[in-house]
Amino acid sequence: VVVIAILLFSVWESGYWGLRKRTDKRRGVQTMPQETNAQVSPKGMHKGSYGLGVEAGLPRFVAVPPKGKVKNGKKQDIEARIGVLLSQLHMRGELLVRLRPGCEGEVGRIRRLVGAVKHRVVHRDKLGVLLRLWLRDGGDLAAALKALLQDDAVKYAEPNYILFAAYTPNDPFLASSNTWGQGYEDLWGLHKVGAQAAWDVSKGDGVVVAVIDSGCDLKHPDIVGNLWTNSGEIAGNGRDDDNNGYADDVHGWDFVNRDADPSDDRGHGTHCAGTIASVGDNSEGVVGLAFKARVMVLKGLSASGAGTVADLSEALYYAADNGARVINCSWGGPGDSQTLHDAVVYAYDKGCVIVAAAGNDNDNADGYIPAKWSQTITVAATDPYDNKAAFSNWGTCIDVAAPGVDILSLRASGTGYGSDVPGYADYCRAQGTSMAAPHVSALAALILAAHPNYTPEQVRNVIRSSACDLGDPGFDVYFGYGRIDAAAALGVSDSGVARITQPASNETVSGTVEVRGSATADNLSSWRVDVGEGAAPSSWQNIAQGVNPVRDGLLCEWDTTAVSDGYWTLRLQVFSTTGRVFEDRVSVYVSNTTSTARVVVTPSSATLKVGETLQLTATTEGGVDTGYAWTSSDESVVVVSQDGVVTAVAEGTCTITATGNDTGARGTCSIQVVVPRVVVSPSDVTLGVGQTVQLRATTEYGVDTGYRWRSSNEAVATVDATGLVTAQAAGVAEITATGNDTGCVGTCVVTVDVLYDIGGYSVQNIIVSPDGSRLIVTIADDRKKLLSVDPNTLKVTKELTMPDGAWVYRLSPQENRMYLWQGFSQVIVAVDLTTFSIAG
């Protein structure tokens, strides 16, 4: 309870310029890279201004760097820039420094350059290492900035700005963790995608999201307030008042049972709807990512979870014709259907953003509908640690990934759907790409609320271009363009469209091919078309480029006779003057032979562990081959013998091709190779001296009967045989868990801080009162007390005992009050900060 209370307190706290505050960096909490070309607005960020700094649910005191370069600038330019950097409220003696890629080894030198007494690596990504530095005794920030801004290893540097937590709803699960012993936030998906930062820009106000699914619990207290209402219909009169073909369709329609009651008799749809738009700020349960959107309930799946193309297609048409801007499709299957495709195209052409789940078979989603169609935004699933969910489909059709493992949401009454949440019968957990897709649908609603005139392609490109890159750099078949980042998406100031409409994905082409589509941007710099061999090319050849926008027109002509037969990928990139890149890809099969023969490889896709083998077979349709030549697109991942036996060598993806000896026709098999790995949760945690944390280890793609735990520095942190870590002294230690059977190793980096000392008290957390007159301190040795501290002398002026079980809720600048809540009973207690006493 104490740990949860501390974490909840940290959600609401802000910092003060003269003191450092702690934040817990939990497994699954990841810093999102800032856009380095964004500009700080003097009107939007200055001393005393309130903004939002949230890092996956925890305060993030970072600022967007000013526009323009300092490197090699004139002395007066650098000094002017430093003046701007220091003009905003910031932490005393702290700096944030981004090192350029390849300069990871310069950390020690940079630390010595400015006389830092301590540093922490905040994040590593393709932009380089982001450091947080603490200067001795507060240091001279101006001098340190001057040295850093002229150093070749530094991409940018800035003070550690204070941005006050702005808007976060009061729904209890948003602030709670470990309710079912999972070791991470209960609503980890919202924290992971930066929901709280996004909510300061958009909450999805009024955007209608159609959820085509098993229905919705129309009486669930945490969704009923956000159900779409058909204003043209009079409930219960048995008439079709708005002449749309459906009588009494007040909240939607049941296409399975053909009536106006789309209640949920399975639970799947209610769970999806809750992730999208569960009511926020109602002191009830969970909160949807777009908690001011409206859910149009369209029941297209029966109680068994199955649905017909007819029902689902009709639901798509209904959604498009009755005002839905977003359509969530957490369903699908292998095969094809022109009927369903026509409905998808119809809805797309009417301006609907259509979001489809990739599927849960760990298979190539390029063969699944509606996921494979270019009109949909196709979503893979990730776990709390940004790994691909083991069940998630993959393929060239994946746009982005989103949280899809152990997702907490609503449970429909009477269904028993999902896994239980102890003590909360109306809520449950579930996993699947069905759970990932609603996160993206909700993000689309947030974007459309902020930009009502955006087209589906503009929404898609914002989501893609702002995603957090996972897996291989850039696009890959497991994560698409990355895991969605709602905060970054709402920060995209310019839109663009990169879209290839011809040839179609997986189309067979020959001769000279027209490549058609759109290449536009609000601030267009240029665009280019490249081609590469295979579904995941390692190299590209440019075939066209331009500087003028193209809208649904000819991009270029591609002479396919210049390349060998087989799979090739076309890539369109659109470059903005702001540095943003919009991208689209289409994979096609080039066949310039005159033979009608077709080679079929069985199986067409497979997942193997390193060292496993698989016998592939090839047959020829429409011709005769006396044998086949087998080749691997990447022998470092998979090797294949000339009798079709593949052997998995290393983790990755690979395409195996069988070429007919006589016809020359080709067939392929996509292979995914996985390796056992141990995952420790959390993987990165900060503790105060004497604090403990329970680590957990799990093995993916393998089995371990137990784990051996070890600390790299027992003077800093010790670990027992169960994974319980105890902080001993300030410093950093790496805790490792080694699988008893696989021998694989997982790690957790433990940073131990010394707690502050103010007037003899050990300080846990510090915030500044809204009027700046005092620091409000929570003390570590008695967390039931708040201290009022003079910000100039750092002397305790008054103590206040909090009510039992009270947690900090929110500061109110207008009233100069602090609000506390007591447990899940939601009893609100007001603290008058003028008198520093309980006000009622």
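Me: How do α3 and α4 pack, by angle and axis distance?
Reply: This is a predicted model. In it, helix α3 (residues 107-114) packs on helix α4 (residues 141-149) at an angle of about 140°. Their axes are 9 Å apart.

Me: What does that make α3 relative to α4?
Reply: Oblique, because of that angle. The cut-off for roughly antiparallel is over 145 degrees.

Me: Which hand is the crossing of α3 and α4, right or left?
Reply: Right-handed, as α3 passes α4.

Me: Which residues meet there?
Reply: From α3, Ile110, Leu113 and Val114. They meet Ala144, Ala147 and Leu148 of α4.

Me: Next, α9 and α10. At what angle do their axes cross?
Reply: Roughly 10°, for helix α9 (residues 309-321) and helix α10 (residues 338-349). The axes come within 9 Å. The two helices are therefore roughly parallel to each other.

Me: Which residues make the contact?
Reply: On the α9 side, Val309, Leu312, Ser313, Leu316, Tyr317, Ala320 and Asp321. On the α10 side, Thr339, Leu340, Asp342, Ala343, Val344, Tyr346 and Ala347.

Me: And the classes in the contact of α9 with α10, how many of each?
Reply: Ten nonpolar, two polar and two charged residues.

Me: Now α8. How many of its residues are buried?
Reply: Ten of ten, in a helix that spans residues 268-277. Buried residues include His268, His271, Cys272 and Ile276. Gly269 and Gly274 are buried too.

Me: What do the buried residues of α8 pack against?
Reply: Several strands and a helix. The strands are β7 (208-213), β9 (294-299), β10 (326-329), β16 (407-410) and β18 (424-430). The helix is α11 (433-450).

Me: What about the loop between α8 and β9, which residue has its place there?
Reply: Asp281 is one of the loop residues. Its phi is near 60°, a positive value in a residue other than glycine. Most residues other than glycine have a negative phi.

Me: Why does Asp281 count as partly exposed?
Reply: Because its relative accessibility is 32%.

Me: Where does Asp386 lie?
Reply: In the loop between β14 (376-382) and β15 (400-403). Phi of Asp386 is also positive, near 65°.

Me: Is Asp386 buried or exposed?
Reply: Buried, with a relative accessible area of 8%.

Me: On to cis peptides. Which bond to Pro503 is cis?
Reply: The one from Gln502, with omega near 0°. Pro503 sits in the loop between β19 (496-502) and β20 (508-509).

Me: And what joins Ser681 and Pro682?
Reply: A cis peptide bond, with omega about -5°. Pro682 is placed in the loop between β36 (677-681) and β37.

Me: Stay on β37. How many of its residues are buried?
Reply: Four of five, so strand β37 (residues 684-688) is largely enclosed by the rest of the structure.

Me: Which way do β37 and β44 run, parallel or antiparallel?
Reply: Parallel, with five bridges joining β37 to strand β44 (residues 745-753). Gly688 stands opposite Asp753 of β44.

Me: Sheet with β29 in it: what's the strand order?
Reply: β29-β33-β32, three strands in an open sheet with antiparallel pairing.

Me: Which are the edge strands?
Reply: β29 (613-615) and β32 (638-640). Each pairs on one side only. From one strand to the next, the twist averages 20°.

Me: How many bridges between β29 and β33?
Reply: Three, in the antiparallel sense, with β33 covering residues 645-648. Thr613 faces Thr647 of β33 across the pairing.

Me: Last one, Arg598. Which strand does it lie in?
Reply: β27 (residues 598-602). Arg598 counts as partly exposed because its relative accessibility is 48%.

Me: What does Arg598 touch, not counting residues up to four places away in sequence?
Reply: Thr619, Thr620, Glu621 and Ala665. Arg598 and Glu621 are 23 residues apart in sequence. In space they are 5.0 Å apart, C-alpha to C-alpha.

Methods
Residues are numbered from 1 along each chain as its sequence is written. This is a predicted model: local features need pLDDT of at least 70, side-chain atom pairs count only at pLDDT 80 or more; totals for chains, interfaces and linings use all residues. Side-chain values use heavy atoms; hydrogens and water are left out. Axes are lines fitted to C-alpha atoms, for helices over the stretch in contact, and angles run from 0 to 180 degrees between N-to-C directions. Angles under 35 degrees count as roughly parallel, over 145 as roughly antiparallel, 65 to 115 as roughly perpendicular and the rest as oblique. A crossing is left-handed if the near helix is turned anticlockwise from the far one by less than a right angle, and right-handed if clockwise. Contact means heavy atoms within 4.5 Å. Two strands pair if DSSP finds at least two bridges between them. Buried means under 20% relative accessible area, exposed over 50%, partly exposed in between (1.4 Å probe, protein chains only). Ala, Val, Leu, Ile, Met, Phe, Trp, Tyr, Cys and Pro count as nonpolar, Asp, Glu, Lys and Arg as charged, and the others, Gly among them, as polar.
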